Amino acid sequence: MSSTVPSAVKRPRRPKGRIGGHGWVAPVLLILPTVIVIGVFVYGLIGSNIHTSLQDRHNIGPSQGFAGLDNYRDLFTDDDFIYSLRNLLLYTATFLVGTLCLGFLWAWLLERKARGESLFRAIYLFPMAVSFVASGVVWRWLLNNAEGNRASGLNRLFGSLHLDFLQNPWWTDERWGILAIAVPAIWQLSGYVMALFLAGFRGIPEELREAARIDGASEWQLYRHVIFPQLSPVALSAIIIIGHMSLKVFDLIMAIAGQTNYTTQVPATQMWIEFTRGDYAKSAAIGTILLLIVAILIVPYLVSTYRQERRR
Amino acid sequence: MSTDAIPAAVASRVPGQRSRGIARTLKYVLLIIFALVVLLPAYVLFVTSFKGLGDATPANAWKLPQVWETAGWSRAWEQLGPALGRTFAMVIPASIISSVLGSMNGFVLSKWRFPGADIVFTLILFGMFIPYQAVMVPLVQLMGNLGVPSGVPSLIVLHVVYGLPITTLIFRNYYAGVPVELVEAARVDGAGMLRTYASIILPISAPAFVVVLMWQFTSAWNDYLFALFFSTSRNGPVTIALNFLASGQLQDYSASMAGALIASVPTLIIYILLGRYFVGGLMAGSVKG
């Protein structure tokens, strides 16, 4: 902002940075490649994608003209797409609640010097290293929908434990099938949420707990008034990270149910199918809708991060 | 509690200790049960991969193999071997390039700032969260126009480009914790930006590099979405080959499970060896945001 000082006579005043005193041409040059690349591959392509979504372009050929919001209107009047959105919502809610609860519980169990903590931590965390495609291989087997004598996977296990009532058709159920996909997702990422909460717990100064205890706070009051408030930034990060991952769910569904399975359909799988059909406009419109959904979650977060950075 | 603290403490000493003992036992019982549940899929993968074709029946689903066979492993290896090589050829350059760029960006955004650095950082960060579906249609066209060949070359470019936001974020947060005086001292000594970066910042960056390289390696290795759009089963990475193997009409469970294990070995090794750094880095990257 200080560059408004006329520079003809004097050397331009250097901008007041945190460090102040050095020129800003060099750092701008250093970051310029990234700025250009992100500008093109993120913002440019988002613009181009929106443009495509407004075209009448439903096969491999060029656009047949401007279509306005027709593609979006078609999607929102299409029961299949509404079903996809509903699936996505159900999946996200389940995934979020599941990972947050399990992650918190595990962190809470491990928080106070548990013996073998590092072993448990490693076990809970390891599924995160595995790709959704690889875990999909085993989960497709575990979530086999056959019941009774032909049952395999988890249904078989339930049967042999005399828990037959737990047997269910998993992801093939038309109403709740999508929730079965959330099971492996929760398996994979609860450990990550645990790691976040564990860091949160460790970040609470011991004096704070001591002070609360000396003031006569009960265990519940300690959590209610000291621990939970201290953990809320961590919980928010976890919600942002898991939430945005969840909205992009694709690999797991492809690996477990396959792209054409109706009961586990979400916008991302529909987008891929429309793409393979050459319906680029519809494919682009679905992509844009996904972006808008993610933006609802992410933009407020980015804005608040930005404000915090400014204040620092 | 505190009003009758002394008599209560004396009187309830033994029962209090007992209930604490029960709580401890309960805690470990829970921890062990959860650990077993988490390990259950790993057991299935391991056991099934050693079963013969006739042994992988529903009735034997949860049992150990009747005969430990490695035929499934060799069938999986046949199909995944070439793809594994391609995945290494893609992941190694992709993670190195995006880490180096991220390190320079992080340095500039935290220690050698320029006007508007915060807004530039926020705009870069947004790239981390976008669903790639929102750019995929024009991206396929752009890569075609740029003439980047399908398969490994395309995937290197994409993992570098879309990896930049997170690598920048992690390095920036790491460098934010480096004392300003270090950089100031170098500046007073007359060092320029690149000298300062190379002689002051780079030598202390090893922990951040470990985290970022691991992160990039894992996410590029495990990627399926870009691979699906930008490669085929002939030139694609191991996720494509594995899905091809596992989704065949004949359900070859032992080969699929062996394949899933083969495809996961590199990232699992990295986690086991360097997991501690990884967790630490995730926190730096996410808690601070």
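In the predicted model, A:Phe120 is buried, because 22 other C-beta atoms lie within 10 Å of its own and the threshold for burial is 20 or more. The residue is found in helix H4 of chain A, which covers residues 117–125. When residues up to four places away in sequence are not counted, A:Phe120 touches A:Leu110 and A:Ala114 in its own chain, together with B:Leu31 and B:Ala35 of chain B. A further pair within chain A is formed by A:Phe120 and A:Trp106, which are 14 residues apart along the chain and whose C-alpha atoms are separated by 9.1 Å.

A residue of chain B that likewise has partners in the other chain is B:Pro138, whose place is in helix H5 of chain B. B:Pro138 counts as buried because it has 23 C-beta neighbours inside 10 Å, where 20 or more are required. Its contacts, leaving aside neighbours within four places in sequence, are with A:Leu45, A:Ser48, A:Asn49 and A:Thr52.

Helix H5 of chain B comprises the 14 residues 133–146 and reaches 20 Å from its first C-alpha to its last, a span close to the 20 Å expected at 1.5 Å a residue. After the helix comes B:Gly147, for which phi is positive, near 75 degrees.

The contact between the two chains takes 86 residues from chain A and 75 residues from chain B. On the side of chain B that touches chain A, the most is given by helix H12 of chain B (residues 253–286), which supplies 14 residues. Classified by residue type, this side of chain B has 52 nonpolar residues, 17 polar residues and six charged residues.

With regard to overall architecture, chain A contains twelve helices and zero strands, so that, by the assignment of helices and strands used here, its elements from the N terminus on run α-α-α-α-α-α-α-α-α-α-α-α. The radius of gyration of chain A is 25 Å, whereas a compact globule of 312 residues would have a value near 20 Å. Along the principal axes, the C-alpha atoms of chain A fill a box of roughly 90 × 75 × 30 Å. Buried residues make up 42% of the 312 residues in this chain. Among the contacts in chain A between residues at least 6 apart in sequence, 65% join residues that are at least 24 apart.

Chain B also has twelve helices and zero strands, and its pattern, read along the sequence, is α-α-α-α-α-α-α-α-α-α-α-α. Of its 289 residues, 48% count as buried. For contacts in chain B between residues at least 6 apart in sequence, the share that joins residues at least 24 apart is 78%. The domain assignment of chain B gives domain 1, spanning residues 5–49, and domain 2, spanning residues 71–286; the C-alpha centres of these two domains of chain B lie 38 Å apart.

Terms used: Residues are numbered from 1 along each chain as its sequence is written. Chains are lettered from A and ligands numbered from 1 in the order in which they are written. This is a predicted model: local features need pLDDT of at least 70, side-chain atom pairs count only at pLDDT 80 or more; totals for chains, interfaces and linings use all residues. Helices (H or I, at least four residues) and strands (E, at least two) are DSSP runs, numbered from the N terminus. The expected span of a helix is 1.5 Å times one less than its number of residues. Two residues are in contact if their C-beta atoms, placed from the backbone, lie within 7 Å. Ala, Val, Leu, Ile, Met, Phe, Trp, Tyr, Cys and Pro count as nonpolar, Asp, Glu, Lys and Arg as charged, and the others, Gly among them, as polar. The radius of gyration is taken over C-alpha atoms; the globule rule is 2.2 Å times the number of residues to the power 0.38. A residue is buried if 20 or more other C-beta atoms lie within 10 Å of its own, exposed if 12 or fewer, and partly exposed in between; C-beta atoms are placed from the backbone. Domain bounds come from an automatic or database domain assignment.
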